Structures are given as structure tokens and as C-alpha cells.
Amino acid sequence: MSVTRIRVRTIPLGLVFIVSCPVCERVSASSATTQETRPSTTRPARLSPRDKGLARAKEFLKDPEATERARLDAIHTALGYNLRDLKPDLERLAKDDPSRKVRRMATRVLESWQSQDARAAKREARAKELQRRSRMTPQERREAEKAAEKQHFTERRDEILHDLRHGTLEQRRILASIGTTWVEYIPEALPIFHDILKNEQDVGLRYKAVMVLSMYEGNKAAPLIRTCLGPENPDSLRRLAACELARLGHKDGVSVLIELLRTKDIRLRKSVVRSLRALTRTNFGYPMRTRARRRSAPTHEVAPEEAIAAWEAWWKKREATFVFPHPPISTRPVDRPPTTRRRRQDGTAAKPSIFVDTAERQKVLEGARAVFGNKNARPREKVLKLSEAYRYDLRELKADVQRLANEDPYESVRRAASFLLDKWERQPASAPGAAMGSSATVPGALHEGQRTKVPAGGKGPTMRDIALLTAKRALNDPNAPFPRRVSKLAEVLGHDLRELKPDLERLAREDASPRIRRDATSILERWKQQDAAAARAKARMDQLRRRAEMTPEERRAADKSAERRYFTGHRDQYLRELKEGALEQRRLAVRTAFTWAEYVPEALPILRDIIKNEDDLALRYGAVMALGKHGGQEAVPLLRTCLASRNPEKLRWVAASELARLGDKEGVGVLVQLLRTDDVKAQTNTIMILRTVTRAEFGYPTEIELAQSISPEQEVARRKAIAAWEAWWKDNGATFVMPYPPGTTITSQPTTRPARKESRVGTGAQGSSP
């Protein structure tokens, strides 16, 4: 009997005792060979939702037998996951797909991507421009702005000159208001401003022309500016012309300012006083405060009349020998002198320096190390020591600072530590033992007591730059603490860090934490809403800009066209609500039919049925107004049926008004009858309609509608006017002929404005007509 040998074999799972024999060894060798030759059954790596969507969308987009719904879903997936890899397939679908929906959807996705790329390019260009400007000195920045301004206005020279000469009044006012900015680069505009000052009647244009000419021509324009000093000009224009002449050294400007002290406009008078004080360096105590604040006025202030009399007496005495206390101003604006602040070689401004002692630095280092190693230290102590570590450039504590940034339970400590790490990464390390940002490298170790010059810090990054760097690090670090990542997401939203949008999209898809995915998705949705709101605002501003460039006729035509498109697109909705809607819906549709029935002629038969068969007064009231405006002469017989005395007075009034506007004499008679009412507002509206359609006037005081009470004189005038209207219609009603041709629709609406005071003799009326 053979002795069995026992051998110990070590495998990854631990120590196992195996009974070994020649037969068993052959069997184990064959099983190992079988395992080596057996194919691997390792599970493949899990695909992310984006990869799954990409594979599924690519399959449907390249399958010619896929249904329309499947292709549309694939396009939606490409848009949702931003699958730019499918751009060639979408371009093919936008051109060749037989389905109109698929072509339209593919085109929209491509346009969306194109607009996103354009916005990203703009942001990148803007960031590069800001980075380039940050490296400039103030003088270089002003020169660059001046060059860009010159290029902008020079390229638009012909357009500006054409609009200034031949544009609308609004365009010319806008160009003249900014004329002091661009005339320097377009001197050909100066003759146009000469013509404006000579021949233009608009005060705003002449006001701006005076400013431009005085700034860029100086004494050469003084004779032309002097023409604006006459009393036939507005006081505001005279004040400006006088101030500009006085600044150029002409005493007649001061004379006109002294005359303008007698103006009744208090605000203008105060501006004249300010100008006189600045030009003559003289003060006679005119009270510049309001009456409510005059109790605490300085003792040198006097009554306005006394101050004005003092100014006039002073000028009468000093006019012949007066000399301006300041030299004449230059004709062109002068650039601000360059700053005298000391600068470094790289162009950044140098700040005051401090000196750091080596022994003091070592003491601060030991104190900071003790606080960072103490688990019971208060967060305020840690933050103070972190600020000292930044101040003294204690890079020996980098490991401790890294631990605090990742593991400290307090957000303030983690944020301060992350800030310090980012600072150290951006700034090169100084010499051993030297302070951060030293202006010279010190070779070797510093001896005790040696002093090193340390700037307090140059032009550092902004808070947004710091938040961008720290957030990018935290969001891309899988080992970052969960509270830190949540707080960095809040900073991304607060600082609007659109540069991290790809990182947020990745977190929203793949992050293991539901809170992180939810916050990232919320930020992305917020940005999407902001972009949509900005796009709507831009479209609105573009529309307003286009309308500002239109003439009044073009603007009315555009409004009419837009109105027609809107109401024609809602035709079926209006007809359905008018026929089958609830009572409130029908009332609303009839009330607005006055506006849209012109574009929906199918509604006119429905409105006629409402007048004939409905009992609701609101429905009949709106139908009468709509038919009176859009029904023409065909609606006259039906409107006459509403004049019967059995109908409510309000309906009779509306029908009579519409008939009178259509040129039917019967409506005028009913309106005269309805003057006998106690409702002053209705009576005033009736008078206004009668004046419009008959061109007659009998002195009715229309201002009583806005008065709280009627005086006896107004009551007598009202009764006389009503009696005169009734007598006039009784004598001339049978032979009266409407002053408008038959079929003419009078579009003037009742108004509560008082009638004009002047009057003329009316045709066919016994009174006077407006």
C-alpha cells in the first residue's frame, strides 16, 4: 500500500489542503487545459444611456424600412443626447426623406446644433477678447476701444449720412443724439448739421446740432450758434446755445443766460443758475432746494427775486469789463491722461509691498501645522491659518491643506483650502523659505533675520475664475466628498459657469448619486430656459428695431398683415365658439367680433342669426357693433329692426350709432330721441356721434362728463343744447341729407374728450359745426 503525500497549495481564496496523487495530478492538468481553451464568459461593460441611444438611433436612421415614428424617435434621441455623430445621417434625412415631418424635424435639429455652435463660438471669442483686454494697460485699452469705435463708424459712413439727411424723424433724432461720438470719424456730417441748425424746425434736432458743432468746430460755428439766441426760439435751445457760446469765450452767451433768469420754468431757471455759477464763478444765493427742504437751507440763500435782481445788477455793471475766469474750452474731447501708478513689467499694477521676517514665517508655519493637525480646532481658527498660509506662502503644508479640502466637515474650511490650492497651482513656487510672489529669486536658504520683499498680491483672478477652477476640479474628481460636489453645483449656477456644461451633461447622465443627477439636470434646464428667454427678448428687440425703421404707412400695413394672419389662423376656433360654445365663450367671441369679423366673413350670417333669434342682450349688443362695422349696407335693414322702442335703450343706442355711421338718416332721429336721458356719459357720447355724422354743433358742454358735479350754468347750457338738437331735427329731419356719400362708413368712435372751442358754420344745420 502506497503512502499518500499531502501537499498545501495556495490559491487566491485562501489555504486549501488537497490530496495529491499521480492520477489526480493528470486529471487536474487536463481540467486546467480545458479551462484555458474554454472561451471567456466575462460580462461586457455596461453601456451608458447615451451610448445606447446612439446605437439605437443609428440603427433606425440607416434602416430604409424603419417607420416614420421610429425615425422621428431617433431624431428626438439625437437631439436629447446631443449625438453630433449622427449629423451626416440627419443631413441626408433633411434632404431626401419622403416624410415631410421627418425632413422638418431633422432640419430643426440641425439648425439647433448650428445655433448652439454659433453661441459657443461667440462665448469663446468673447472670453478670448476679455482675456486679451485683461492683459492691457488702461492706456492700451482706451486706444483699442478708440480704434474699434473708429472702424465701426467708418464702415457705416454712407448709411449714417443717408439716414441723417433723408431718414425718418426718429432715425435722425437718434443719430443726432449720439453725434458727439461719431462726428469725429465722419467729418462730412458737419455740413448736414449746419443745414439742420439753419432750416430744421424740430427742436430736438437743433439742440443736438448745437452740441455737435460747438464741440467739433468751436469758434468757427459761433455765428451759426448765435442765431439760436433769438426770443423766437424755445428757452431750452437758447440756454444751450448761450452756454456753448460762453464756454467758447463769448460774452453775449452770458447776457442771454441773465435774460433767461426771468423764465417761468423753475427747472430751466435752476439750470441757468448752475450754468452762470460755473461760467462766471459768481454766486448770489439763488435757492436751489425745494420749498419743503428750505427750512434747513444755508444762510447765504436769499429769495429768488432778490437773487435774480442781484445777477442783473452785477451784469449791468460788469458787462463791459467782464473777463471769463477760465480759458476757452478745446473743441474736441481730450483723452484721459495715463495713470501715474507704478506698474510692473507685465503691465499689471503694483500694490504696496511688505517685508516678511524668516523667523516670523517659521513661527507661523509651526502654528498652522498645529492647528491643521488638531481635530478639535474650531473652523474659524483653520480659516485664519489658511489665510496665513496664503500670506506667507507655506507650501510645506500642501498635504495638510489637501486633506482639509477633501475631508473637513465644514464647508467654509473646505472652500478656503480649495481656494489656497488653486492659488498655489496658478502661481510659481518661490525660493525655499521665501514669501509667495517675491520679485527676485533668492538662492539657497535664508538666514535668520533676513528680510525678503513680498508684494501683497498683484492683479489676481476674479471670483468667477476661482469658482470655475474649483468647480471643475470637484466635478471631475470621482473621490471628491459628496457635500463638496453639491456646493460646487450651486456655485456653477450662481456664477453662470456655462463652460462646465459638458461636465454637467455627463453628471446628469452617468453620476451614481441621484442628488447630483437631479441638481445637474435642474441647472441644465435653468440654462435652457434662460437661453429661450434671451432668444425671445432678442426677437422682440429685433422686431421693435424693424418697426422703428418703418414709415407710419409701412407700420400700419405690417400691423394689418399680422392681424390678418392671426385671425385667419384662428378662423375655425372663432366659428366653433360662436356657434357651439358656452354662453360665456359666445359672449367673448361676439364682443371681439368687432375686430376679427373682417377677416372671417363666414361669421356674418351667424351674427345676423344672433340679432334675429337671441334674447341675450350682450350677444345682440356685440353682434350689432360687428355688423355695423363689417356688414356694410346689407346690414342696414336688420339694424333698423333694433330701433324699436320695445328693445333696451342700450341696444337702440348702439344700433342707431352704427346706422348713423353707415349714412342712414333714421339712426340720427333715434339718437336725437335718446338725448333725453339722465346718464351724462351716454348723453355726451350721443352728442359726439351726432356732431361727427351731421357736422352740426349746438354748444353742448362735453366737459361735464369728467366733472364731479354739474354747475348751474352747465346744466342750463346742457338743457338748451338738447332742446336745440330736438328743434333742429324737427325742422330739418324730413329734408336732411347726410353730409357723407351713401355707403360711407365713418370710423370715428365715441370719445369723452371735450369738443374744440373754435366752430364753423355747418352745412344744412342751424348751428355751427366743428
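This is a predicted model: local features need pLDDT of at least 70, side-chain atom pairs count only at pLDDT 80 or more; totals for chains, interfaces and linings use all residues.
Me: Buried means under 20% relative accessible area, exposed means over 50%, and partly exposed is anything in between (1.4 Å probe, protein chains only). Before we use that, what kind of model is this?

Reply: Residues are numbered from 1 along each chain as its sequence is written, and side-chain values use heavy atoms, leaving out hydrogens and water.

Me: What pLDDT does the protein average?

Reply: Residues 1-43 stay under 50, with 18 contacts (heavy atoms within 4.5 Å) beyond four places in sequence. Residues 291-300 are below 50 too, and that stretch has seven contacts beyond near neighbours in sequence. Still, 79% of the residues score at least 70, and the protein averages 76.

Me: OK, how much of the protein counts as buried?

Reply: The accessible surface (Shrake-Rupley method, 1.4 Å probe; for residues, only the protein chains shown count as cover) comes to about 46,800 Å², and carbon and sulfur atoms hold 53% of that. Of the 770 residues, the share that counts as buried is 36%.

Me: How many helices are there in the protein?

Reply: Helices (H or I, at least four residues) and strands (E, at least two) are DSSP runs here, numbered from the N terminus. The protein has six strands, and its helices number 34.

Me: Which helices are included in what covers the buried residues of α14?

Reply: Helix α14 (residues 251-260) is mostly covered, with seven of its 10 residues buried. Those are Gly 253, Val 254, Ser 255, Val 256, Leu 257, Ile 258 and Leu 260. The cover includes α13 (235-247), α15 (266-280) and α16 (304-318).

Me: How many aromatic pairs does a search of the whole structure find?

Reply: Rings of Phe, Tyr and Trp (its six-membered ring) pair if their centres lie within 6.5 Å; planes under 30 degrees apart are stacked, over 60 edge-to-face, and the rest tilted. Across the whole structure, the search turns up 20.

Me: How far apart in the chain are Tyr 390 and Phe 419?

Reply: Their rings form an edge-to-face pair, 6.2 Å centre to centre with 65° between the planes. Tyr 390 sits in α18 (residues 379-392) and Phe 419 in α20 (residues 411-426), so the pair links distant parts of the chain. Tyr 390 is partly exposed at 24% and Phe 419 likewise partly exposed at 29%. Their separation in the chain is 29 residues.

Me: And Phe 567, is it buried or exposed?

Reply: Phe 567 pairs with Tyr 566, with ring centres 5.3 Å apart and planes at 75°, so this pair is edge-to-face. Tyr 566 has 44% relative accessibility, so that one is partly exposed. Phe 567 has 10%, so it counts as buried.

Me: Which residue lies over the face of Tyr 621?

Reply: A charge sits over a ring if NZ of Lys or CZ of Arg is within 6 Å of the ring centre and within 35 degrees of the ring normal. Here the distance to the ring centre is 4.5 Å, and the residue is Lys 650.

Me: Which residues is Asp 503 in contact with, leaving aside its neighbours within four places in sequence?

Reply: Asp 503 is in helix α23 (residues 501-510). Its relative accessible area is 12%, so Asp 503 is buried. Its contacts beyond those neighbours are Lys 472 and Asn 476.

Me: Where does Arg 281 lie, given its positive phi?

Reply: Arg 281 has a phi of about 55° although it is not a glycine. At 58% relative accessibility, it counts as exposed. Its place is the loop between α15 and α16.

How values were computed
pLDDT is the predictor's confidence in each residue, from 0 to 100.
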